[in-house]
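Please read these notes with the sequence and the model open side by side.

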Amino acid sequence: MNVISPRSGTAFILRKGQKLKITDPEGEQVSDFICFNLNDTKEYLSSGRTIDYAETIFLTKGHPFYSNRSNIMFNILEDTVGRHDFLLTPCSADTFRIIYGDKNPHRGCFGNLCEALKPYGIEPDAIPICFNVFMNVAVNGESGKIDVLPPKSKAGDFIIIEAEMDLIVGMTACSAEMSNNYSFKPIGYSVIENHDPTI
């Protein structure tokens, strides 16, 4: 298993048919996940289209995830948690400045994704809303108010996705205190070949 250190990020290629297992080794740790079409990076994971077609903000096993062009980028095959977020943007230095009042803010998931995706030619302005794996966001159905709550994930919980096209994937171990119950921990991930039945 590959490990993303606390408050850092990575990027890699996931081929069509390959599976990706994202694991929370210690529990209550979010991973911001984004992907782009390897062959045309102007096609990217779309929160709006995925939520629209699924008719729910709580995406889990069985849901396809769509691009801005309404093509399926991946599906969730397994999910031991069942609660993730696809509403909130990656935390950034501005997040920490505006929400937390930090004077010398961390660059956050956005900054980590910018660095990790730069070798693939993806510029900061091209990074959209991420699928925030294990993030627990409650929405009040009357007022619309949102609350970031501790993740429901426990040590060893995971999701498994399967790529429906060749992807460039960016992932983080989230840097925002509130998202991770005020403790920064690693995220694990493993790429599983499409001929490997042991998932």
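**Notes on cavities, cores and a buried serine**

1. The count comes to one cavity of 30 Å³ or more, where a cavity is a set of points, on a 1 Å grid over the protein atoms alone, at which a 1.4 Å probe fits but cannot get out. This is a predicted model, in which local features need pLDDT of at least 70 and side-chain atom pairs count only at pLDDT 80 or more, while totals for chains, interfaces and linings use all residues. Residues are numbered from 1 along each chain as its sequence is written, and side-chain values use heavy atoms, with hydrogens and water left out.

2. The largest cavity holds about 40 Å³ of space, a volume being the space filled by probe spheres set on the grid points, which are joined across faces, edges and corners. Its lining, made of residues with an atom within 4 Å of a point, consists of Ile57, Phe58, His84, Asp85, Phe86, Leu87, Val137 and Val139.

3. The largest pocket has a volume of about 290 Å³; a pocket is an open set of points with protein on both sides within 12 Å along at least five of seven lines. Of the 17 residues that line this pocket, Leu88, Thr95, Ile99, Met135 and Val148 lie nearest its centre. Strand S10 (residues 146-149) gives the largest share of the lining, three residues, strands being DSSP runs of E with at least two residues and helices runs of H or I with at least four, numbered from the N terminus.

4. The largest nonpolar core has 40 residues, of which Leu20, Phe33, Leu45, Phe131 and Met171 touch the most other members. Such a core is a set of buried Ala, Val, Leu, Ile, Met, Phe, Trp, Tyr and Cys residues joined through side-chain atoms within 4.5 Å, and buried means under 20% relative accessible area (1.4 Å probe, protein chains only). Apart from this core lies another, of eight residues, including Cys109, Val137, Cys174 and Ala176.

5. In helix H1 (residues 47-54) the buried residues are Ser47, Thr50 and Ile51. Seen down the axis of H1, these residues fall within an arc of 95°, so they line one face of the helix; the arc is that of the directions from the helix axis to the C-beta atoms. The buried residues of H1 pack against strand S6 (64-66).

6. Where does Ser175 sit? Ser175 is placed in the loop between strand S12 (167-172) and strand S13 (187-192), and is buried, with a relative accessible area of 0%. Leaving aside neighbours within four places in sequence, Ser175 is in contact (heavy atoms within 4.5 Å) with residues including Arg7, Cys91, His106, Asn112 and Phe184.

Notes: Buried < 20%, exposed > 50% of the residue type's maximum accessible area, 1.4 Å probe, protein only.
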